[in-house]
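This report goes through one protein chain, starting from a single residue and ending with the chain as a whole.

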Amino acid sequence: MKIKLISLAYIIFLSTSIFASDLFVDGSFGITPQAQLSAFNTQNMKLQPKIEAEASFNLNYLEYFKTGLSAGIVYAMASDLNGGWNYPGFSGFETGLEIRMTMPIFDVLDFGGSLDAGWYRYNLTDSMFFLPSVSLYPAIRIFEDEHTKFLIEIPVRYYFHRQADLFMSAGIRINTVIR
């Protein structure tokens, strides 16, 4: 019994020391020009210009894995009037839980994903709405030193909009990470 407790304590110590040696916190910031795509059952697809500013704080485990929290603000312009209708512009606030991995085989490739929630208001109205979403963002590291990292990311977000057949956005972002 005593040997089992000692070996269990050693395993716990060893595993925490491995994580503690590489455990650190970083923060990142990025501004993303995007295209918002909307499709409703009887209407044509609509495209809206959109911009997002997002910051995140991450806890890094080992060298290739991190989790974190993100928050951002969003502004989307109204779509055009082709087909006799438009999707109104909106602005809002988004939060999310992130998971990121660096591909150990290709050290410059990063891949991330998040579960997000957003609270929005249609422009020129008092109508507000809530949308959960999921995001994926592959990235390439373009620069990295001891304290700073720059990534080019392609974030793609799918919104769970119950009235839309398709409600998603994609863009390109230069993300700055500071350790």
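Apart from neighbours within four places in sequence, Lys46 is in contact (heavy atoms within 4.5 Å) with Gln36, Leu37, Ser38, Ser79, Asp80, Leu81, Asn82, Trp85 and Asn86. The model is predicted, with local features needing pLDDT of at least 70 and side-chain atom pairs counting only at pLDDT 80 or more, while totals for chains, interfaces and linings use all residues. Residues are numbered from 1 along each chain as its sequence is written, and side-chain values use heavy atoms, with hydrogens and water left out.

Lys46 lies in strand β2, residues 46–61; strands (E, at least two residues) and helices (H or I, at least four) are DSSP runs numbered from the N terminus. Lys46 has a relative accessible area of 1% and is therefore buried, a term that means under 20% relative accessible area with a 1.4 Å probe, protein chains only. The side chain of Lys46 reaches two backbone oxygens, as tabulated here.

| Side chain | Backbone oxygen | Distance |
|---|---|---|
| Lys46 | Asn82 | 2.4 Å |
| Lys46 | Trp85 | 2.9 Å |

The largest nonpolar core has 13 residues. Such a core is a set of buried Ala, Val, Leu, Ile, Met, Phe, Trp, Tyr and Cys residues joined through side-chain atoms within 4.5 Å. Tyr87, Phe90, Tyr120, Phe129, Leu131 and Phe167 have the most contacts inside this core. At least two core residues come from each of β3 (65–76), β5 (109–122) and β6 (128–144). With residues up to four places away in sequence left out, Leu131 touches Asp116, Ala117, Gly118, Tyr120, Tyr159, Phe160, His161 and Phe167.

The largest pocket has a volume of about 260 Å³. It is lined by 18 residues, of which Glu63, Thr102, Glu144, Lys149 and Arg179 are the closest to its centre. A pocket is an open set of points on a 1 Å grid where a 1.4 Å probe fits, with protein on both sides within 12 Å along at least five of seven lines; lining residues have an atom within 4 Å of a point. The volume is the space filled by probe spheres set on the points. β4 gives the largest share of the lining, 3 residues.

Of its 179 residues, 37% count as buried. Among contacts with a separation of 6 or more, 56% join residues 24 or more positions apart.

Note on methods:
Buried < 20%, exposed > 50% of the residue type's maximum accessible area, 1.4 Å probe, protein only. Polar contact = N/O pair within 3.5 Å; in protein donor to acceptor, adjacent residues only side chain to side chain.
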